[in-house]
Structure formats: C-alpha cells, structure tokens
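Here is a short briefing for a first look at a structure. Keep the view open while you read.

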Amino acid sequence: MLSVVIVGGLHADARKAAVERLLADVPGSVVLHHDLATAAAGTVVRTIRDASGILAAGEAPLVNDCACCALREDLVPELRRLADDGRTRLAVVELWDSVEPKAMAEVVTAGGLTVTGVITAVDPALVLPYLGNGDDLAERGLAAAATDQRTVADTFARQLEYAPVLAVADSEAADDEDRELLAQLHPTARQVPIGAGEPMGGQADARASARSPLAAAALAGFDVEAAAAAQHPACALLPTEADAHGVSTLVWHRCRPFHPERLYEALEDITCAAARSRGRFWLADKPDVLLHWDAAGGALCVESAGPWLASLPDAAWEMVPPVRRAAAAMDWHPEHGDCCQHLVFTSPALDRDGLERLLEHCLLTDAEYAAGRDAWKRLPPAFDTLLEV
C-alpha cells in the first residue's frame with residue numbers, strides 16, 4: 001500500500017533538505033511536486049522524481065484561475081497512478097512554498113489514500129522574521145490565486161501549527177531564543193533534526209527500513225480529523241504558559257465578555273504586543289457567538305466560529321463532535337456555560353503585565369456585567385465591520 005507524507009513550509013531550503021533526506025532514507029520513495037510559480041502562464045508544472053532524478057513531468061491547467069485549485073485537482077490522480085503502479089512505497093508530496101498542508105492532507109485523505117505523516121520544515125533562525133512579516137503573499141510572488149489575500153506571517157503560522165512533526169534545520173544562525181520561540185509556538189509538535197540518522201539501502205519494506213527519525217515520523221500515521229479539531233478555535237490545542245530564554249507565552253482565560261468598543265479601540269496594541277496570538281473570545285453584544293482570534297505579523301483576523309455550546313438547544317448537542325463537547329466541559333461555568341476568553345500570546349520580550357492590564361480593561365465592568373444580556377446586546381456593535389455583519 002502506498003504511504004503518503006506531506007512536507008511543506010515557507011522555509012524552502014529547510015523543506016528541500018527534509019525532502020532529500022526522506023528520499024535517501026526510504027527505499028522506493030518518490031517526490032511529487034507542483035510548482036505554482038508558473039501560474040501566471042496559466043499552468044502548474046508537475047514533477048515526479050526519485051533519488052536518481054526526474055521520472056516524469058507534466059503540466060496541469062489552472063482551475064478557475066487558481067493554481068492551488070489546479071494542485072487539488074491534479075494531486076490525487078497522480079498519487080493513485082503511483083499506488084496502482086505498485087513500485088512506490090512512499091510518496092513524498094513536497095508542497096509549493098505558500099500551500100498549506102491542512103487543505104492538501106484533507107484532499108489526499110478524501111481521495112481514499114493514506115496520509116502517514118504531515119511535516120513542516122523549519123529553520124529556527126527564520127521563525128521570528130517570518131512571523132513578523134506582514135507582506136501579502138502576492139507582494140512576494142507567493143500567491144496561489146488572484147484572490148489570495150493571505151500574508152506571509154499568517155500562512156507561516158498555520159503551516160507551523162498544523163503539522164504534528166517539525167523537520168528542524170541545523171541553522172548556525174539560530175540561538176536559544178529562536179529555538180525556544182519555536183518550542184513555545186507549537187509545544188506538542190515532535191521536533192526532528194533533518195540531518196539525524198543514517199540513510200538506508202536495499203529493498204526492505206519502507207516502514208521497517210525507516211531508521212532515521214525523520215523517515216520514522218513520515219510513516220508514523222496521521223489522523224486528519226484530529227488535526228483539524230486541534231486547529232478549530234472551539235477546541236484548539238493552544239500553547240501553554242511558558243517563560244524561558246527571553247520568550248514568554250501568556251495564557252489569558254476569563255469568564256466575562258469583552259466590551260466591544262473598548263476592545264476595538266485596543267486592537268492595535270493587543271495585536272502588536274506579541275509575535276503570535278490566537279484563541280477564542282466572547283463579545284458582550286454578540287453573547288451567543290464564539291469568535292476566533294488569529295494574529296501574526298501585526299495583523300489580526302477575527303471571524304465567527306459558530307455558536308457557543310451553551311447557546312445551542314440540548315437536542316443539538318448530539319450533532320456536536322465529542323472533542324468539541326469535551327473542550328466545552330473543561331471551560332464550563334454554571335452561569336454561562338462554555339462562553340469565555342481563552343487567548344494565548346507568544347513572543348520574545350513579551351510585556352505580560354502590561355498586556356494583562358490592557359486585556360482586563362477591555363472586559364465588562366462589574367456594573368456592565370450585572371446589567372445582563374439584554375443590556376449587553378444594546379452596546380455599540382464595534383466589530384460588525386470586521387465580521388462583515
């Protein structure tokens with residue numbers, strides 16, 4: 001059976017090194033890559049290669065003027081051909097720079113193929129510069145479609161946080177602060193040095209021959225539903241409190257809603273306080289709506305993630321995934337259920353005390369809170385423009 005590992009990341013040198021390592025370590029492996037840089041000419045260039053060189057090449061036309069859509073359409077048929085051929089044990093899908101692994105893992109799984117690993121390759125010295133880069137992908141020639149409005153920072157953050165395995169380059173430019181920042185941003189990830197282990201030879205089965213840590217990680221198994229749940233704002237596996245080597249993570253959890261105007265006025269200061277912040281939050285004028293907070297590179301994205309469980313009728317709970325119910329149970333409050341603030345801020349030189357004071361200032365006062373939900377809903381809807389209400 002064909003195993004598929006997805007290797008992505010904006011750190012191109014680290015990604016290519018990780019791919020070469022897998023080719024060297026796993027007999028019967030090939031690399032499938034779609035180059036989206038040719039999208040302006042109306043096509044995506046596909047190559048399939050093994051350790052000896054290119055085995056096949058071709059082009060796929062754009063779909064709806066979208067290079068990433070063309071990749072989705074072309075990827076599964078190519079992988080099925082490799083599976084049907086029977087000679088390939090491991091297909092390494094090397095994603096183009098700005099392609100996010102979540103979408104591709106879900107496409108491959110939905111196509112009936114087995115994803116055994118998702119890996120993001122990282123150079124620790126580049127983590128902070130990329131998290132701080134608010135440039136649009138289009139400005140850097142990295143957009144996957146004409147309508148692609150993502151930034152370098154938010155794309156890199158999602159690539160980093162989705163993958164359960166990080167292939168870490170041996171960077172002479174990286175220091176303890178860089179490595180600590182990487183560890184705090186994704187504390188549950190398995191970090192694997194790209195250069196660790198010895199390459200294998202012969203024709204042994206891929207799983208048995210994977211002696212290097214990176215190859216073993218590529219074949220360890222991957223649960224696409226669990227990975228999606230770990231990123232959903234209602235039940236995300238967020239970083240935990242930490243403070244080491246000049247890097248801090250503040251976990252801010254409160255059971256009182258934000259005043260919409262005070263929070264809106266403070267957005268710039270809160271967003272710029274940390275290299276990365278994310279989580280879920282509760283606005284007083286929209287008390288039934290779970291809101292998603294996602295900030296990197298000095299830019300903030302807020303969006304509705306549906307209702308809080310406390311706002312759903314009991315009969316609807318059976319339709320909610322168990323992981324969501326479990327996450328809600330951990331935050332459950334006898335008065336307002338799972339409605340809460342759960343925001344996480346990670347950064348070097350984080351002003352924890354100043355940030356906490358600013359966040360506390362944005363909460364409802366005792367008098368405002370006591371006025372009740374009907375009064376909250378009459379507060380000025382400061383976030384309607386951001387939420388496109």
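How many salt bridges does the structure hold? The count is 26. The model is predicted. It also holds 10 aromatic pairs and two cavities of 30 Å³ or more. The points below take these topics in turn.

**Salt bridges**

- Side chains of opposite charge can pair when their charged atoms come close.
- Start with lysine 16 and glutamate 94, whose side chains meet in a salt bridge at 3.7 Å, N to O.
- Lysine 16 sits in helix α1 (residues 12–25) and glutamate 94 in strand β5 (residues 90–94), so this pair ties together parts that are 78 residues apart in sequence.
- Lysine 16 is partly exposed, at a relative accessible area of 40%.
- Glutamate 94 is buried, at a relative accessible area of 5%.
- Helix α1 also holds a pair of its own: aspartate 25 and arginine 21 both lie there, four residues apart, about one turn of the helix.
- The closest N and O atoms of aspartate 25 and arginine 21 are 3.0 Å apart, and the two form a salt bridge.
- Are aspartate 25 and arginine 21 buried or exposed? Aspartate 25 counts as buried because its relative accessibility is 1%, under the 20% cut-off.
- Arginine 21 counts as buried too, at 15% relative accessibility.
- Now move to aspartate 384 and lysine 286, a salt bridge of 2.5 Å, N to O, between their side chains.
- Aspartate 384 lies in the segment after α14 (373–376) and lysine 286 in the loop between β11 and β12, so the bridge ties together parts that are 98 residues apart in sequence.
- Aspartate 384 is partly exposed, with a relative accessible area of 22%.
- Lysine 286 is buried, with a relative accessible area of 13%.
- Some bridges join into a network: Glu100, Asp148, Arg150, Asp154 and Arg158 are linked in this way.

**Aromatic contacts**

- The structure holds 10 aromatic pairs. One of them joins phenylalanine 281 and tryptophan 293, edge-to-face, with 5.7 Å centre to centre and 85° between the planes.
- This pair links distant parts of the chain: phenylalanine 281 is in strand β11 (residues 276–281) and tryptophan 293 in strand β12 (residues 289–296), 12 residues apart.
- Phenylalanine 281 and tryptophan 293 are both buried.
- Tryptophan 317 and tryptophan 332 also form an edge-to-face pair, at 5.6 Å centre to centre and 75° between the planes.
- Why does this pair tie together parts that are 15 residues apart in sequence? Tryptophan 317 lies in the loop between β13 (299–307) and α11 (322–331), whereas tryptophan 332 lies in the loop between α11 and β14 (341–348).
- Tryptophan 317 is partly exposed, with a relative accessible area of 23%.
- Tryptophan 332 is partly exposed as well, with a relative accessible area of 40%.
- Phe281 and Trp293 return in one aromatic cluster, together with Trp252, Phe258, Tyr264 and Phe383.
- A charged side chain meets a ring elsewhere: arginine 256 lies over the face of tyrosine 369, at 4.6 Å from the ring centre.

**Cavities**

- Rolling a probe the size of a water molecule over the atoms shows where empty space is left.
- The structure holds two cavities of 30 Å³ or more.
- The largest cavity has a volume of about 50 Å³.
- Which residues line the largest cavity? They are Ala234, Arg280, Leu290, Trp308, Arg324, Ala327, Ala328, Asp331 and Asp338.
- Helix α11 gives the largest share of this lining, four residues.
- By class, the lining of the largest cavity has five nonpolar, four charged and no polar residues.
- The second largest cavity holds about 30 Å³ of space.
- Its lining is made by Glu161, Leu185, Pro239, Arg276, Ser277, Arg278, Val344, Phe345 and Thr346.
- Two elements, β11 and β14, each give two or more residues to the lining of the second largest cavity.
- By class, the lining of the second largest cavity has four nonpolar, two polar and three charged residues.

Methods: Residues are numbered from 1 along each chain as its sequence is written. This is a predicted model: local features need pLDDT of at least 70, side-chain atom pairs count only at pLDDT 80 or more; totals for chains, interfaces and linings use all residues. Side-chain values use heavy atoms; hydrogens and water are left out. Rings of Phe, Tyr and Trp (its six-membered ring) pair if their centres lie within 6.5 Å; planes under 30 degrees apart count as stacked, over 60 as edge-to-face and the rest as tilted. Buried means under 20% relative accessible area, exposed over 50%, partly exposed in between (1.4 Å probe, protein chains only). A charge sits over a ring if NZ of Lys or CZ of Arg is within 6 Å of the ring centre and within 35 degrees of the ring normal. A salt bridge is a side-chain nitrogen of Lys or Arg within 4 Å of a carboxyl oxygen of Asp or Glu. On a 1 Å grid over the protein atoms alone, a cavity is a set of points where a 1.4 Å probe fits but cannot get out, and a pocket is an open set with protein on both sides within 12 Å along at least five of seven lines; lining residues have an atom within 4 Å of a point. Grid points are joined across faces, edges and corners, and a volume is the space filled by probe spheres set on the points. Ala, Val, Leu, Ile, Met, Phe, Trp, Tyr, Cys and Pro count as nonpolar, Asp, Glu, Lys and Arg as charged, and the others, Gly among them, as polar.
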